[in-house]
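Please look over the model below before reading on. My notes follow as numbered points.

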Amino acid sequence: QVQLVESGGGLVQAGGSLRLSCVASGSISSINTMRWYRQAPGKQRELVAAMTSGGSTNYADSVKGRFAMSRDNAKITVYLQMNSLKPEDTAVYYCNLILVPSTRNYPGNYWGQGTQVTVSS
């Protein structure tokens, strides 16, 4: 089975940094799209950052210049480096991968369990 495990969340002061990790395990043929979402209490889930299989990235306007996605293909891990954190960044952050499991020849949509990020003022 394919599983995504997120880590790296926590409590930080405004202006601080966190690095979120999303580790994909199981039999995976390829990863097509990598995304980070977040959901704050009482708010809709929003797309924060996305990366294509070719490495191109896009970011929500609210995090541009502060957040950066990266990946380690050897470790099958996706990262979200978050700098200059603000209280409004407080949310549960979710990793979302569109990938092709080795047991099939078409992609599926997979989600991590979420990791809490809390930024204090």
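**Notes on pocket, charges and rings**

1. The lining of the largest pocket comprises five nonpolar, four polar and two charged residues. Here Ala, Val, Leu, Ile, Met, Phe, Trp, Tyr, Cys and Pro count as nonpolar, Asp, Glu, Lys and Arg as charged, and the others, Gly among them, as polar. The lining includes Ile 28, Ile 31, Met 34, Arg 71, Asp 72 and Val 78. The largest pocket holds about 160 Å³ of space.

2. This is a predicted model: local features need pLDDT of at least 70, side-chain atom pairs count only at pLDDT 80 or more, and totals for chains, interfaces and linings use all residues. Residues are numbered from 1 along each chain as its sequence is written, and side-chain values use heavy atoms, with hydrogens and water left out.

3. Which strand gives the most to the lining of the largest pocket? β4 does, with four residues. β4, β7 and β8 each supply at least two. Strands are DSSP runs of E, at least two residues long, numbered from the N terminus. A pocket is an open set of points on a 1 Å grid over the protein atoms alone, where a 1.4 Å probe fits, with protein on both sides within 12 Å along at least five of seven lines; lining residues have an atom within 4 Å of a point. Points are joined across faces, edges and corners, and the volume is the space filled by probe spheres set on them.

4. The whole structure has four salt bridges (a side-chain nitrogen of Lys or Arg within 4 Å of a carboxyl oxygen of Asp or Glu). One of them joins Asp 89 and Arg 38, at 2.9 Å from N to O. Asp 89 lies in the loop between β8 (77-82) and β9 (91-101) and Arg 38 in strand β4 (residues 28-39), so the pair ties together parts 51 residues apart in sequence. Asp 89 is buried at 1% relative accessibility, and Arg 38 is buried at 6%. Buried means under 20% relative accessible area, exposed over 50%, partly exposed in between (1.4 Å probe, protein chains only).

5. Asp 89 also forms a salt bridge with Arg 66, the closest N and O atoms being 2.7 Å apart. Arg 66 sits in the loop between β6 (57-59) and β7 (67-72), 23 residues from Asp 89. Arg 66 is buried, at 11%. Shared partners join Arg 38, Glu 46, Arg 66 and Asp 89 into one network.

6. Asp 61 and Lys 64 form another salt bridge, 3.1 Å from N to O. Asp 61 is exposed, at 66% relative accessibility.

7. How many aromatic pairs are there? There is one. Rings of Phe, Tyr and Trp (its six-membered ring) pair if their centres lie within 6.5 Å; planes under 30 degrees apart count as stacked, over 60 as edge-to-face and the rest as tilted. Tyr 37 and Trp 111 are tilted, with 5.1 Å between centres and 45° between planes. Tyr 37 is in strand β4 and Trp 111 in strand β10 (residues 108-111), 74 residues apart. Tyr 37 is buried at 17%, whereas Trp 111 is partly exposed at 36%.

8. The charged end of Arg 45 sits over the ring of Trp 111, 5.0 Å from its centre. Arg 19 lies over the face of Tyr 79, 3.8 Å from the ring centre. The rule asks for NZ of Lys or CZ of Arg within 6 Å of the ring centre and within 35 degrees of the ring normal.
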